[in-house]
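I opened this notebook to record what I looked up in one structure. The entries follow the order in which I consulted it.

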Amino acid sequence: MQILHSKIYGQEKKGTPLLVFHGLFGMLDNWGSFGKEFGELFPTHLIDLRNHGKSFHSDEMNHQVLADDILNYMNFHGIEKANLLGHSLGGKAVMTFAISYPEKVEKLIVADIAPKAYPPHHQGIIKALQSVNFDEVKSRQDVENVLSQYIPEKFVIQFLTKNLYWTEDKKLNWRFNINTLAEKYNDFVANAIKFGKFEGETLFLAGAKSHYILPQDELLMRQQFPKYQLVSIANAGHWLQAENPKDFNQAVKEFLT
């Protein structure tokens with residue numbers, strides 16, 4: 001059995017551990033300053049999802065296998081019960097986990113994603129990522145130049161190129177498994193989370209400038225997470241934890257403590 005790669009802050013602290021999961025094409029490094037801050041309060045695990053960061057690559061990619069990876073991770077680290085935070089794809093993973101294994105979840109935090117199916121909307125990014133020929137590019141700048149032909153937003157390019165690393169044979173490559181993510185995309189983006197209910201306390205955080213959580217989504221949220229609250233993070237889009245970390249962290253802190 002393969003265990004997800006993680007970085008743990010505040011391992012010696014008492015209290016319920018917090019497990020944090022990034023979104024699609026992200027990795028635990030995106031959450032470094034969050035991990036440091038929350039590691040002062042309780043054990044905080046920043047975790048790479050399968051096919052991302054330094055975690056294992058696999059041909060399987062759907063909400064349920066992501067949830068089962070979380071279960072395996074908790075069992076491996078001897079964690080009976082945890083608080084879970086997931087952003088975007090990580091949010092779908094923690095929602096599925098909470099419905100599948102409610103006895104393992106103290107409190108649930110879902111950042112800028114609803115339990116619904118989303119229409120495919122990353123095709124441009126996937127095309128850009130697949131168009132990088134690692135036999136030809138010699139530097140990070142070369143990769144940025146290729147991506148910029150497809151992606152106009154500089155911050156998106158910077159976010160994606162954080163995933164570059166040098167392989168042992170001195171070539172650049174992506175840390176994420178672009179082939180599986182492209183192939184199984186509909187299984188985890190264009191699908192709603194499974195039917196079911198989590199009765200524990202749940203916090204949904206929405207970016208005020210984001211359209212990922214709409215007013216009509218609250219009906220579904222109430223059906224599956226009856227003890228939910230929804231908090232809007234000002235001056236933030238989909239990457240709310242990076243765009244307004246102060247308010248994001250404050251909302252998480254208030255909910256957990």
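Entry 1: I took buried to mean under 20% relative accessible area, exposed over 50%, and partly exposed in between (1.4 Å probe, protein chains only). K194 counts as partly exposed because its relative accessibility is 34%. I noted that the model is predicted, that local features need pLDDT of at least 70, that side-chain atom pairs count only at pLDDT 80 or more, and that totals for chains, interfaces and linings use all residues. Residues are numbered from 1 along each chain as its sequence is written, and side-chain values use heavy atoms, with hydrogens and water left out.

I then placed K194 in the loop between α8 (185–188) and β8 (201–207). Helices (H or I, at least four residues) and strands (E, at least two) are DSSP runs, numbered from the N terminus. Which residues does K194 touch, not counting residues up to four places away in sequence? I found Q64, T96, I99, S100 and Q224, with contact meaning heavy atoms within 4.5 Å. The C-alpha atoms of K194 and G207 are separated by 24 Å, and these residues are 13 apart along the chain.

**Entry 2: the chain as a whole.** I recorded eleven helices and nine strands. The C-alpha trace spans about 50 × 40 × 35 Å along its principal axes. The radius of gyration, taken over C-alpha atoms, was set against a globule rule of 2.2 Å times the number of residues to the power 0.38. The chain has 18 Å, which agrees with the value near 18 Å for a compact globule of 257 residues. I noted 55% of the 257 residues as buried. Of the contacts with a separation of 6 or more, 74% join residues 24 or more positions apart.

**Entry 3: two domains.** Domain bounds come from an automatic or database domain assignment. The division gives domain 1 (6–117 + 192–256) and domain 2 (122–184). Their C-alpha centres lie 25 Å apart, and 16 residues of domain 1 are in contact with 17 residues of domain 2.

**Entry 4: the largest pocket.** I used a 1 Å grid over the protein atoms alone, on which a pocket is an open set of points where a 1.4 Å probe fits, with protein on both sides within 12 Å along at least five of seven lines; lining residues have an atom within 4 Å of a point. The largest pocket holds about 340 Å³ of space. Its lining has 26 residues, and L24, S88, H122, Y212 and H238 are the closest to its centre. Why does the largest pocket lie between domain 1 and domain 2? Both domains give residues to its lining, so it lies between them. The largest share of this lining, three residues, comes from α4.

**Entry 5: the second largest pocket and α6.** The second largest pocket holds about 210 Å³ of space. Its lining consists of N30, F155, Q158, F159, K162, W239, Q241 and A242. Two or more of these residues come from each of α6 and α10 (240–243), and α6 gives the largest share, three residues. Domain 1 and domain 2 each supply at least three residues to this lining.

Definitions and conventions:
Points joined across faces, edges and corners; volume = space filled by probe spheres on them.
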